[in-house]
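Student: I am new to this structure. Could we go through it in short questions and answers?

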Amino acid sequence: MRSLDEFAYGKLAALERARLRRSPVVTARDGIYVERGGRRLLSFSCNDYLNLSRHPAVIKAAVDAAELYGVGAGASRLVTGNHPLYEELESRLARLKGTAAACVFGSGYLANTGIIPALVGGGDLVLVDELSHACINGGAKLSGATVLRYRHGDVDHAQALLAQHRVAHERALIATDGVFSMDGDVAPLSALAELGRRHDAWLLADDAHGLGVVGNGRGSAFVGGGADVPLQMGTLSKAVGAYGGYLCASRAVIDLMRTRARPFIYSTGLPPPVVAAASAALDLIAGDAAYVAEPLRKARLFTRALNLAEAQSAIVPVIVGAADAALAASTMLEDEGFLVVPIRPPTVPAGTARLRFAFTAQHPEAAIERLAGIVRSRVVGLAA
Ligand SMILES: *Cc1c(COP(=O)(O)O)cnc(C)c1O
């Protein structure tokens, strides 16, 4: 089909001109190191915050499950793809999050595209923090509800939107990242929960970067005094080191998901080795508070060395502005032996291209200090 290829080439050429074309780079990962173009680099661009994807107990759980149950689930969980391993994983998740029940999805992205449309639809309202992850926006759009974006972290703005629009809609949802994926800050969850209670709006927090890292490893709803978040979703692919998404909520909400969330119904269950690995990783997270505190401690070594606002999570952005500047800074760090992937629009708003540093438990302190020194002398100035 000529028109099809012409369309694809035309799109790619336009992206190329805007320097927004992307492609996956082959990367061999070995713990905190990656190999690119024949060079070994210390990576600050992996979300494996606790390095559990390489933990012997996690690997063993996956190998044992593969040998016992095979590699694939074979069908949707509502058909024949269900397995006792899923229930074990779900009860661990619910226990860690302090909810009555939990439900596992194929991925975090799939979870949000299933959860949100199962709860709201035409005639309903979704309020979304403007810096929320793409899958929250995707799920909100798929739902057919009216979607309004409030300014980042701005509870007063969310309140004003609810005051104006809540009455005209039957149901309402407030959806936000718990830890923001590109900024590393924690959402004002207790204020949002209170706002939700006042306006009968259900709060969903996406804890992809919170679980295993903040709130003693229990996630963003457990930071500080804690917050009453009725819909705690997240991923098993980051600090948990495996794959899959989840929702922790009341028994009724979880039962609804199992019957109404389309990615749960129409997509094959997760592979048993992945499920077993996630369970083993959650046991480690629940059982070792000192280790769980390490990524945040490492991130704070970095922010202190650079005089930046104290890190609230394992993610620290250094905003340089122009996409080209972020690319140049990343190339410079690569020459110094560090992999720090530049984050450019449309992942972040135009003019806020950045280096995004992700700290893990096993990053050596001396390397963090050396990295901070290089960033201080050769990158921070770019933003000015
Ligand atoms: C990574 C991420 C997701 C997607 O999770 P996957 O399991 O990788 O699909 C969802 N939300 C946020 C905030 C994320 O950072």
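Student: Which side chain has an N or O atom 2.6 Å from an oxygen atom of the ligand?
Tutor: This is a predicted model, where local features need pLDDT of at least 70, side-chain atom pairs count only at pLDDT 80 or more, and totals for chains, interfaces and linings use all residues. Residues are numbered from 1 along each chain as its sequence is written, and side-chain values use heavy atoms, with hydrogens and water left out. A polar contact is a pair of N or O atoms within 3.5 Å; within protein, one must be able to donate a hydrogen and the other to accept it, and residues adjacent in sequence count only if both atoms are side-chain atoms. The side chain at 2.6 Å from a ligand oxygen belongs to Lys-238.

Student: How far is the ligand oxygen from the backbone N or O atom of Gly-108?
Tutor: Ser-237 uses its side chain, with an N or O atom 3.4 Å from a ligand oxygen. Gly-108 uses a backbone N or O atom, and the distance to a ligand oxygen is 2.7 Å.

Student: How much of the ligand's accessible area does the protein cover?
Tutor: Accessible areas come from the Shrake-Rupley method with a 1.4 Å probe; for residues, only the protein chains shown count as cover. On its own, the ligand has 380 Å² of accessible area. The protein covers 87%.

Student: How many residues surround the ligand?
Tutor: A residue counts as near if one of its heavy atoms lies within 4 Å. The closest are Gly-108, Asp-206, His-209, Thr-235 and Lys-238. The number surrounding the ligand is 14.

Student: Why is strand 7 largely enclosed by the rest of the structure?
Tutor: Helices (H or I, at least four residues) and strands (E, at least two) are DSSP runs, numbered from the N terminus. Buried means under 20% relative accessible area, exposed over 50%, and partly exposed in between (1.4 Å probe, protein chains only). Ala-172, Ile-174 and Thr-176 point one way, while Leu-173, Ala-175 and Asp-177 point the other. Strand 7 (residues 172-177) is largely enclosed because its buried residues are 6 of the 6.

Student: How many bridges join strand 7 to strand 8?
Tutor: Two strands pair if DSSP finds at least two bridges between them. Strand 5 (residues 125-129) and strand 7 run parallel over 4 bridges, with Leu-125 partnered by Ala-172. Strand 8 (residues 202-206) also runs parallel to strand 7, and Ala-175 stands opposite Leu-204 there. The bridges between strands 7 and 8 number 5.

Student: In which order do the 4 strands of the open sheet lie?
Tutor: The edge strands are strand 1 (28-30) and strand 12 (338-339), each pairing on one side only. Strand 3 (residues 39-43) pairs with strand 12 in the parallel sense over 2 bridges. The pairing in this sheet is mixed, and the order is 1-2-3-12.

Student: How many residues apart in sequence are the parts that Phe-44 and Phe-359 tie together?
Tutor: Rings of Phe, Tyr and Trp (its six-membered ring) pair if their centres lie within 6.5 Å; planes under 30 degrees apart count as stacked, over 60 as edge-to-face and the rest as tilted. Phe-44 and Phe-359 are edge-to-face, 5.4 Å centre to centre with 65° between the planes. Phe-44 lies in the loop between strand 3 and helix 2 (56-69), and Phe-359 in the loop between strand 14 (353-358) and helix 14 (365-378), so the separation is 315 residues.
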